[in-house]
Amino acid sequence: MKRLSSSKRVVSNEVKGDIEWELRPGGMLVQKRNMADAASAPMIKIKVSHGSYHRDIVVPAQSTFGDLKGVLAQETGLEPKEQRLLFQGKEKDDEECLHMVGVKDMSKVVLLEDPASKERKLVEMNSNQSVLKACEEVAKVRSEVDKLSEKVIAVEANVRAGTKVAENEFLVLTELLMVQLLQLDTIEADGEAKVQRRVEVRRVQGLVDTLDHLKARNSNPFSSSCNAVPMSTKWEAFELSSTRITQDWEVFD
């Protein structure tokens, strides 16, 4: 008796006579569909309504709603997990067969996008727009820094050639670079925009550093200690109190 009871267990692919069964998700035991038979089964046209759009979808009559979602994914771009299918006002599960619930040729099915998926896409879209806007703002600063960089290069060429440069020129260029640094501080950036902002912060730091060394060399071209000018006094002079700039600065120090 024990041997008989132990043999009475449900398995996924069990043959009972001429009928083969399979265990569907959720524990439902149903007749296994033969894919070759499904391909040769009668085809039906289903009128799918999705908002203001209407599509005629042709599928085998014995398809499941999960199969229908797979076809709709190619038509709409919505992943199956993002879809909700309603027939006669009731949402249908993926494993339910079309013909078993009364779906026939020219039947109407309503497609809805899952609310959670729609909200997630909206958040992503807003985030992408914010990143794009931040990238554009960083690009404006980059354009200004490009112009200032050319002036720094010109000053460097004069100093290395032994030409005396006015002290005021170093001060003005440094102040203009600091203005751009403060402008970077006002940009709320995430993702790629944050990376670009940090690159520009580092770039401005490098240019100010170069100006400090050039200023020291310009003042005393024969001094061997002109390369030891501390940077901290320069930043203290401009009273940088922004936490974000400080953090970005420390990353590249």
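## Confidence in the model

The protein chain has a mean pLDDT of 78, and 71% of its residues reach 70 or more; pLDDT is the predictor's confidence in each residue, from 0 to 100. Over residues 1-17 the pLDDT is below 50, and this stretch has 15 contacts in the model beyond near neighbours in sequence. A contact means heavy atoms within 4.5 Å. Residues 224-243 also stay under 50, with 26 contacts beyond four places in sequence.

This is a predicted model, so local features need pLDDT of at least 70 and side-chain atom pairs count only at pLDDT 80 or more, while totals for chains, interfaces and linings use all residues. Residues are numbered from 1 along each chain as its sequence is written, and side-chain values use heavy atoms, leaving out hydrogens and water.

## The sheet

Let's turn to the strands. Five of them form an open, mixed sheet in the order 5-4-8-6-7. Strands here are DSSP runs of E with at least two residues, and helices are runs of H or I with at least four, numbered from the N terminus. Two strands pair if DSSP finds at least two bridges between them. At the edges are strand 5 (53-60) and strand 7 (90-91), each pairing on one side only.

Inside the sheet, strand 6 (residues 83-87) and strand 8 (residues 108-113) run antiparallel, joined by four bridges. Leucine 86 stands opposite valine 110 in strand 8.

## Helix 4 and the cores

Helix 4 (residues 115-160) has 46 residues and spans 65 Å from its first C-alpha to its last, close to the expected 68 Å. That expected span is 1.5 Å times one less than the number of residues. Among the buried residues of helix 4 are Val131, Cys135, Leu148 and Val155; buried means under 20% relative accessible area, exposed over 50%, and partly exposed in between (1.4 Å probe, protein chains only). Their cover includes strand 8, helix 5 (167-185) and helix 6 (191-219).

The largest nonpolar core has 26 residues, and Val155, Phe170, Leu177 and Ile187 have the most contacts inside it. Such a core is a set of buried Ala, Val, Leu, Ile, Met, Phe, Trp, Tyr and Cys residues joined through side-chain atoms within 4.5 Å. Helix 4 gives the largest share, ten residues. Apart from this core lies another of 16 residues, including Ile57 and Leu68.

## A look at proline 80

Proline 80 sits in the loop between helix 3 (65-76) and strand 6. Proline 80 counts as partly exposed because its relative accessibility is 31%. Beyond four places in sequence, proline 80 contacts Lys69, Gly70 and Ala73.
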